[in-house]
Each structure stands twice: as C-alpha cells, then as structure tokens.
Amino acid sequence: SLVMLGGLIGCMLAIKPGELYGRKFTLMMNNVGFILGGTLSSLGYKNTLFIGRFISGLSVGVTSAIVPITLSEITAEAYRGTITTIHQVNVTLAILAASLIGFGFVSEINHGWQYVQAMEVIPCVIMILGFSYVPESPKWLISVGRVDEAITQLKYLRNPGENVELEVNEMTADTKGKEDEEVVSWKEVMVSRKGVIISGTLMFIQAFTGINSVVFYSTTIFGYAG
C-alpha cells in the first residue's frame, strides 16, 4: 500500500523536474530513490521496510510518468504505438519475473524476501553504467533552445539517411505553438477521439476486473485454497 501511495505522489511530482531539467536527468536521478528504497527495505526492520517501500513508490511514480513521455518523444511517429506497446508488455513480463524470483527466494532461502528487496538496486546500477547510451528527448532539447543537440540526438536515434532536419522543424513548430498555452481544453485532449476512447475503455476494463487485487493477493488466495 505504501508503494501505491508513493506512486500516486511520485507521478504528480515528476512532471516539473522533467520539464525543467530534462527527461534523462530526471530518470537518472530517480535511480537514487530506487537504490535508497531497495536498500532500506532489505535491512529487515519494520520501520525501514515501511520507509523504503514508500521511497520506492515515489520512484515508481516518477518512472510511470516520465518513461512514456520519453518513449513517445524519442521514437519516430511511425513506430510510436509499437514502442509504447512493447513498454507495456515488458512491464507485464517484469511483474511475472518478479513473482517467480520472489517465489524461489522466499520459498528456498532464509530471509529470501530481503534479497528480493535488495535486487531493486540491480537495474538501477545497469542504467547508471549505461548513462551515455540513454538518449535525451529531442523535443525537450528544442523546447529549451538546444537545437544543435536535438539534431545530434536524432541522428543517433534514427536510421542513417533519414531527414532529421525536417523532424526538428516539425518539433520546433509544435513547441512554439504550445509556448503560450497554459490550459489544455477537453477538445484538444479528444483530438484523437478513437484512440482516447479505446485506451480509456481498456483502462476501465482492467480496473473493473480487479486485476490489481489478483496480482497483489493471489499468493494469499492460493494459500487459503491449499
């Protein structure tokens, strides 16, 4: 529950630093929260477990807010739907992997749950080591006037020979058009009505079927069932 609460707060706090300091910097600094949260949670004390899980939740919230934005901004328009779908598939596969790892460690190893909590640090270390390979959003770079860096970033992200200057011009026009807009109307939100309706309906069905309860409490339910 503390992870969920932290996630709720984290996703609301994430947007401002993402806009001010960039998507890459925000995601990189977010690793500090995961490392601290995983370390505290693995110590084996009740209070550090509570604090650690809440901090991890904050980082989960930041990730859930910034990663989809980053993916949509670094991906070519033709592949945007595919990339964001792969992201969701990977999240689902990671939940399965975490459950299987947890089952193995908790069932077979003394204090195995603490090792599972500490494993939260591993992906963070990998991401920090791969810092130079993590791209910054070209759209954000353009919004802060760093157009040359945006061109360099797009050349890194796109296939050789693609017209990145054209894409930069489109991003620049889009960014300038949004500078003076403080309020987004519901009409603008529904600009792709079919897409919004489909995604909203899928989210509703997912919540309505109670899948989160199944994920969180399935082990307890199976335990009661023998």
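Predicted model: local features only at pLDDT ≥ 70, side-chain atom pairs only at ≥ 80, totals over all residues.
Residues are numbered from 1 along each chain as its sequence is written, and side-chain values use heavy atoms, with hydrogens and water left out. The pLDDT is the predictor's confidence in each residue, from 0 to 100, and its average over the chain is 89, with 97% of the residues scoring at least 70. Confidence is highest in helix 2 (residues 23-41), at a mean of 96, and lowest in helix 10 (residues 186-189), at 77.

The chain holds 12 helices and zero strands, where helices (H or I, at least four residues) and strands (E, at least two) are DSSP runs, numbered from the N terminus. The C-alpha trace spans about 60 × 40 × 35 Å along its principal axes. Of the 226 residues, 29% count as buried, a word that means under 20% relative accessible area, whereas exposed means over 50% and partly exposed lies in between (1.4 Å probe, protein chains only). Contact means heavy atoms within 4.5 Å, and among the contacts with a separation of 6 or more, 63% are between residues 24 or more positions apart.

The axes of helix 1 (residues 2-21) and helix 2 come within 6 Å and cross at roughly 130°; axes here are lines fitted to C-alpha atoms, for helices over the stretch in contact, and angles run from 0 to 180 degrees between N-to-C directions. Helix 1 and helix 2 are therefore oblique to each other, since angles under 35 degrees count as roughly parallel, over 145 as roughly antiparallel, 65 to 115 as roughly perpendicular and the rest as oblique. On the side of helix 1 the contact is made by Ala14, Pro17, Gly18, Glu19 and Tyr21, and on the side of helix 2 by Arg23, Phe25 and Thr26. By class, this contact has four nonpolar, two polar and two charged residues, where Ala, Val, Leu, Ile, Met, Phe, Trp, Tyr, Cys and Pro count as nonpolar, Asp, Glu, Lys and Arg as charged, and the others, Gly among them, as polar.

When residues up to four places away in sequence are not counted, Arg23 touches Gly18, Ile66, Ile69, Thr70, Glu73, Glu136, Ser137 and Trp140.

Trp140 leads on to the largest nonpolar core, which has nine residues in all: Trp140, Leu141, Ile142, Ala150, Ile151, Leu154, Val164, Val168 and Met171. Helix 7 (138-143), helix 8 (147-157) and helix 9 (164-178) each supply at least two residues of this core. A nonpolar core is a set of buried Ala, Val, Leu, Ile, Met, Phe, Trp, Tyr and Cys residues joined through side-chain atoms within 4.5 Å. Ile142 touches Ala150, Val168, Met171, Thr172 and Thr175, again not counting residues up to four places away in sequence.

Leaving aside its neighbours within four places in sequence, Lys155 is in contact with Val164 and Glu165. The C-alpha atoms of Lys155 and Glu165, 10 residues apart along the chain, are separated by 9.5 Å.

Gly112 is found in helix 5 (residues 112-118) and counts as buried at 2% relative accessibility; leaving aside its neighbours within four places in sequence, Gly112 is in contact with Phe105 and Val106. His111 has its place in the loop between helix 4 (80-108) and helix 5, where it is partly exposed, with a relative accessible area of 46%. Most residues other than glycine have a negative phi. His111, although not a glycine, has a positive phi of about 60°.
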